[in-house]
Every structure is written in structure tokens, then in C-alpha cells.
Amino acid sequence: MHRIASKKLLQPFSHTNLVRSRCFTTAEKITTRCEPDALHVKWGQVESKYSYLWLRDNCSCPKCLHPSSRQKLHSSADIPLEIKPTNVNIVGDKAEITWDQPLRHGQDTQHTSQYSLDFLRTYQSSKSAEKFRFNDITPQTWNRDEYQLDWVSYNDYMNTDQGLHKVVQRLYNKGLVFLNGVPTTDEAVTQVAERIGPVQETFYGRDFDVKNVAKSINIAYTSLYLGFHMDLMYMDSPPGVQLLHNLKNSVTGGASIFVDSFRAVELLKSQYTEDYKILKSTPVTFHYVNNGHHMYYKRPTIVDDEQHSGLAWSSHVNYAPQFQGPLDDLTPTESKKFYQAFQRFADFIEDDSLRYQLTLQPGELVMFANRRVLHGRTAFDPTSGDRHLKGTYLSLDSLKDKLRVLSAQYGYDSSI
């Protein structure tokens with residue numbers, strides 16, 4: 001039978017009974033106060049509120065959190081709904097809470113939880129938790145004239161934390177970064193990728209060759225103009241980052257072109273709000289039905305979480321006209337609205353003022369956020385020489401992981 005906390009403990013405390021309560025402690029200007037369903041902690045002039053359920057679920061003692069794996073040893077389903085503290089103490093840099101009842105499937109008759117004060121400060125508000133996860137940072141959108149080319153040395157990137165940190169910050173901030181001095185070997189592109197995380201293998205393999213071939217199974221493997229697009233929109237989880245490394249280039253033409261789709265979204269939203277809403281709400285078919293594959297996925301052109309507006313982690317653009325399949329669920333009226341909205345968005349994307357262009361030379365490599373930065377290529381004359389790029393992919397999770405780890409260690413610079 002569970003023990004019931006005293007009525008005195010469960011009552012909201014007035015200033016007079018705070019001092020007498022076993023649930024009140026003062027240490028280093030930190031004060032705590034027990035309310036019926038939450039612990040109130042005052043950090044100087046700032047007060048936070050922590051649910052008892054949340055606190056018991058996030059106990060960091062060795063019985064609740066495995067010391068080496070840092071994984072929970074119980075389920076949220078094990079927390080009694082009416083659990084309350086019988087005692088709260090601040091001891092050094094830790095908070096200790098003794099509970100009035102055990103876990104639903106636990107063996108302990110009494111349990112004392114431990115929390116570092118840094119942990120409690122991290123989760124004192126949704127904003128502080130977002131800051132800890134680096135979910136509060138916002139990317140910098142750009143047009144042709146605003147993007148400043150700043151090469152990162154392959155040696156710095158591969159051999160220093162500073163070079164690696166610069167690249168992952170720029171991938172988040174601007175979605176586009178260039179490396180030079182990369183060895184012109186087949187395996188170099190995957191070695192560059194693996195500095196951030198494991199490559200995201202697809203049915204194209206761990207890496208792929210971009211060059212003109214006869215009877216191509218992909219328009220990228222021709223010498224034709226390749227319009228702005230994103231790769232693999234027909235997959236359940238499209239790659240977050242794409243890398244392209246130039247191994248050979250002696251052709252006439254074949255410049256790489258890029259557009260920040262986030263800037264195009266900003267322009268569409270400010271000038272054609274209804275069209276912006278239509279592209280957010282209308283799923284588009286993407287498919288690849290060729291060469292023994294039938295890949296298919298439907299997703300809206302614009303994904304923009306209004307609750308976290310402006311954050312790159314919660315925003316995506318899905319734009320790949322070359323791989324769009326038939327829109328099979330729109331009425332004629334809906335179709336006209338969609339096509340008008342899509343055409344207006346495409347007009348912004350194709351605007352020369354947004355288009356950044358350069359011709360990669362052997363030993364140069366570009367990395368870009370696949371679901372933000374649109375890429376393409378001008379046509380080239382295949383009889384004028386050789387053009388050979390090697391490509392691979394990374395998941396967005398790998399970029400998030402590396403950015404958070406390095407930024408926690410060295411800080412985050414939004415100007416990079």
C-alpha cells in the first residue's frame with residue numbers, strides 16, 4: 001500500500017510555512033518550494049517549475065540511469081501518477097529528492113533521486129532546453145550577391161577541430177560550403193563525408209559518379225542542362241547533406257549552380273501568402289520508376305513549422321521537378337491553384353538574383369544542405385574534354401550531431 005504524503009506537504013506554501021517545511025532548502029541562492037504537483041525552484045530572481053512525474057522519470061542515480069550507457073533503466077509508464085516528494089535537499093552541486101512511493105514495478109520501498117544543478121538549469125524552461133539542443137539557432141538566408149565564397153582547406157577540415165567546426169557551422173548557417181585541396185582520388189569524397197558521420201548509402205551505392213554516359217538512368221549522368229532540384233525526394237528519409245567532388249574538368253560549360261530555397265520561401269510568403277499556404281498543404285508525388293526500382297513518396301513543397309519558424313531543423317523544401325510524379329488526388333480547381341502557386345515559387349527560384357554559380361575545378365568539393373539548397377548544372381560540350389564528379393550523402397542527423405558536440409565545446413558562431 002502506497003504511503004500518502006501529508007496534507008501539509010501538499011498545500012501551496014506561504015512565506016511563513018516555507019521556513020518550517022522539510023521541502024524547503026536554501027543553498028547558493030537557490031530555494032525550493034513544493035506545490036501539489038510540482039517542485040518550484042528559484043535561481044536568484046528566476047523561478048522554474050518541475051513536474052514531480054518528470055523529476056522522478058529523469059532521476060540520474062545509478063539505479064535509474066545506467067552509468068556508462070547513460071540510458072534509462074525504467075519506463076515512463078512506471079512512474080506513479082500521484083507521486084510526491086517527502087524531502088528535498090540541495091547538497092553541494094546536486095539536488096536530492098526522496099519520494100513517498102516506489103515505481104509501479106519497482107522493488108525499493110523508498111527512493112532518493114539525484115540531479116545535478118546544471119541538469120535542472122538546462123531544463124528550467126523550454127527556451128533553455130532548446131538552447132542546450134542548439135534548436136534555438138536560425139540560419140542565414142542569402143541571394144547571389146550576399147553569399148561570400150570562403151574556401152576551407154582540406155587539410156584544416158580533416159586535421160583540426162577548428163576546420164571541421166567551421167564547415168558544420170557554415171552548413172547550418174548558409175547550407176553551402178566549399179573545400180579546396182582535396183585529393184583527386186575516388187575515395188576522397190567519402191573520407192570527407194565520414195569526418196562528419198557515416199555516409200548515407202542509397203541504391204546508387206556508398207558513392208556515385210557524375211559524368212556523361214550513354215543510355216543514362218539519371219539526367220545528371222548526361223551533358224544536358226540540369227535544372228534546380230534536390231536529390232532523392234522519393235525516399236522516406238532523403239539525405240540531409242550532399243557532397244560533390246570534382247576529379248576531372250576540361251569541358252566547355254558544366255558550371256555548378258545553387259539557390260537558397262529558404263530565401264525563395266521568404267519571398268513567396270511575403271508576396272503571395274495564399275500560394276505559400278497552398279504549397280505547405282498540398283502533397284506532391286515524387287517517384288523513381290526505372291532500372292528495377294519503384295521509389296515513391298508524397299510530401300508538400302514547403303515544410304515550415306510555424307511554432308519554430310525560421311529554424312532549419314524544422315524547415316525543409318521538397319523541390320525536384322525532374323522526379324515529380326502525377327498529382328493523382330487534386331480536383332481541377334485544386335490543380336489550378338497548386339500549379340499557380342508552384343509556378344510563382346519556381347519564378348523566384350529561377351530568378352538570376354538568387355542564383356550562385358561557379359565551375360568546380362579538380363580538387364574542389366562542395367557540400368550543401370540537400371533539403372535547403374537547390375543545385376543544378378549548366379549544359380556542357382561532352383566532346384570538349386572530360387568532366388567527372390564523385391558524390392555521396394550524409395544524413396541530417398549526422399550534421400546535427402557534429403554541430404551540437406563541437407558547438408558545446410567551442411561555441412557557436414552565427415556569422416560563419
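Okay, quick definition before anything else: when I say helix axes here, I mean lines fitted to the C-alpha atoms over the stretch in contact, with angles running from 0 to 180 degrees between N-to-C directions. And please keep in mind that this is a predicted model.

So, helices first. Two packed helices are described by the angle between their axes and the distance between the axes. The pair I picked is α7, residues 161-173, and α12, residues 396-410: their axes come within 9 Å and cross at roughly 120°. That makes α7 oblique to α12, since the perpendicular class stops at 115 and the antiparallel one only starts over 145. As for handedness, α7 passes α12 in a left-handed crossing.

Who's actually touching whom? On the α7 side you've got D161, L164, H165, V168, Q169, L171 and Y172. Facing them from α12 are L399, K402, L403, L406, S407 and Y410. If you sort the contact between α7 and α12 by class, you get eight nonpolar residues, three polar and two charged.

Right, on to the aromatics. Searching the whole structure turns up 27 aromatic pairs. Take Y50 and W54: the ring centres are 5.9 Å apart and the planes sit at 35°, so we call that pair tilted. Stacked would have needed planes under 30 degrees apart. What about accessibility for those two? Y50 is buried, with a relative accessible area of 2%, while W54 counts as partly exposed at 28%.

There's also a cluster to look at on the screen. Ring pairs link W142, Y147, W151, F178, F258, Y356 and F368.

Last topic, backbone. Most residues other than glycine have a negative phi. So here are two for you to check. R70 isn't a glycine, but has a positive phi of about 60°. You'll find R70 in the loop between α3 (52-57) and β5 (85-91). The other one is L232, again not a glycine and again with a positive phi of about 60°. L232 is in the loop between β11 (226-229) and β12 (241-249).

Now, which of these is buried and which is partly exposed?

Key:
Residues numbered from 1 in each chain as written. Predicted model: local features only at pLDDT ≥ 70, side-chain atom pairs only at ≥ 80, totals over all residues. Heavy atoms only, no water. Phe/Tyr/Trp six-rings, centres within 6.5 Å; stacked < 30°, edge-to-face > 60°. Buried < 20%, exposed > 50% of the residue type's maximum accessible area, 1.4 Å probe, protein only. Helix = DSSP H or I, 4+ residues; strand = E, 2+ residues; numbered from the N terminus. Parallel < 35°, antiparallel > 145°, perpendicular 65-115°, else oblique. Left-handed = near helix turned anticlockwise from the far one by under 90°. Contact = heavy atoms within 4.5 Å. Nonpolar A, V, L, I, M, F, W, Y, C, P; charged D, E, K, R; others polar.
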